[in-house]
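Let's walk through this structure together, one region at a time. Keep the viewer open and turn the model as you read.

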Amino acid sequence: MWAVEHGATGAFVGFAGLLRQEDRPEGEHETEVGWRLDRSFWGQGLATEGARASQRHGFEALELERIISITVPENAASRRVMEKAGLTFRGETSWRGYGVVWYAADRE
Ligand SMILES: CC(C)(COP(=O)(O)OP(=O)(O)OC[C@H]1O[C@@H](n2cnc3c(N)ncnc32)[C@H](O)[C@@H]1OP(=O)(O)O)[C@@H](O)C(=O)NCCC(=O)NCCS
């Protein structure tokens, strides 16, 4: 994951980036894009910007075939970020005891 800094001020905003864990719900070879931002920076499109930059790195530099993202169903803000960043809803599953929804973007 990368640290996110505000472009104009250099302030620390949170993190965004790619992570890979062996117990992903949808296949062992898939990489997740994720984000977590300080509340005072919400609502400015920064999570979406971070998600897009992370995916660009994943597809162009790392040449990944698929990037997924998961969240609990009620996390409407993150689901909206996923959609704005070009991921599409693929289904419901469970991960570490939680019911989650998962989204994905494919290289092509
Ligand atoms: C999710 C999070 C990163 C969003 O950050 P952000 O920078 O505000 O996101 P963006 O501004 O890029 O986009 C948020 C979108 O969600 C929408 N949104 C926000 N709250 C919402 C809600 N309760 N219901 C529906 N939509 C909501 C916004 O309107 C915006 O969509 P729009 O551009 O179409 O209006 C931030 O809420 C966060 O850090 N949450 C805690 C950590 C977390 O949930 N991480 C993800 C775990 S899977």
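Which element gives the most to the shell around the ligand? That would be H2, with six residues. Before going further, keep in mind that this is a predicted model.

The ligand sits in the largest pocket. The elements that supply two or more residues to the shell around the ligand are strand E3 (31–37), helix H1 (46–61), E4 and helix H2 (76–84). In total, 19 residues surround the ligand, and the closest are Gly-43, Gly-45, Thr-48, Arg-80 and Lys-84.

Zoom in on the polar atoms next. A polar backbone atom of Gly-43 is 2.6 Å from an oxygen atom of the ligand. Ala-47 also brings in its backbone, with an N or O atom that lies 3.0 Å from a ligand oxygen. With Arg-80 it's the side chain that takes part: one of its polar atoms lies 2.8 Å from an oxygen atom of the ligand.

Is Thr-71 buried or exposed? Its relative accessible area is 10%, so Thr-71 counts as buried, given that the cut-off for buried is under 20%. Its side chain makes a polar contact with the side chain of Asn-75, at 3.4 Å. Look past the neighbours within four places in sequence, and you'll find Thr-71 in contact with Ser-78, Arg-79, Met-82, Val-100 and Val-101. Strand E6 covers residues 98–106, which is where to look for the two valines on that list.

Next, hop over to strand E3, where Thr-31 has its place. Thr-31 is at 6% relative accessibility and therefore counts as buried. What does Thr-31 touch, not counting residues up to four places away in sequence? The list is Leu-18, Leu-19, Arg-20, Leu-64, Arg-66, Ile-67 and Ile-68.

Leu-19 from that list is worth a stop of its own. You'll find Leu-19 in strand E2, which runs over residues 12–19. Leu-19 has a relative accessibility of 22%, so it counts as partly exposed. Leaving aside neighbours within four places in sequence, its contacts are Met-1, Thr-31, Glu-32 and Gly-34.

Last, take a look at a couple of loops. Glu-63 is found in the loop between H1 and E4. Its phi is positive, about 55 degrees, although Glu-63 is not a glycine. Glu-63 counts as exposed because its relative accessibility is 55%. Then there's Arg-96, in the loop between strand E5 (88–95) and strand E6 (98–106). Arg-96 isn't a glycine either, yet it has a positive phi of about 50 degrees. Arg-96 has a relative accessible area of 51%, so it is exposed, with the cut-off for exposed being over 50%.

Methods. Residues numbered from 1 in each chain as written. Predicted model: local features only at pLDDT ≥ 70, side-chain atom pairs only at ≥ 80, totals over all residues. Heavy atoms only, no water. Buried < 20%, exposed > 50% of the residue type's maximum accessible area, 1.4 Å probe, protein only. Polar contact = N/O pair within 3.5 Å; in protein donor to acceptor, adjacent residues only side chain to side chain. Contact = heavy atoms within 4.5 Å. Near = heavy atom within 4 Å. 1 Å grid on protein atoms, 1.4 Å probe; cavity = no way out; pocket = protein on both sides within 12 Å on 5 of 7 lines; lining within 4 Å. Sits in = over half its atoms within 2 Å of the grid points. Helix = DSSP H or I, 4+ residues; strand = E, 2+ residues; numbered from the N terminus.
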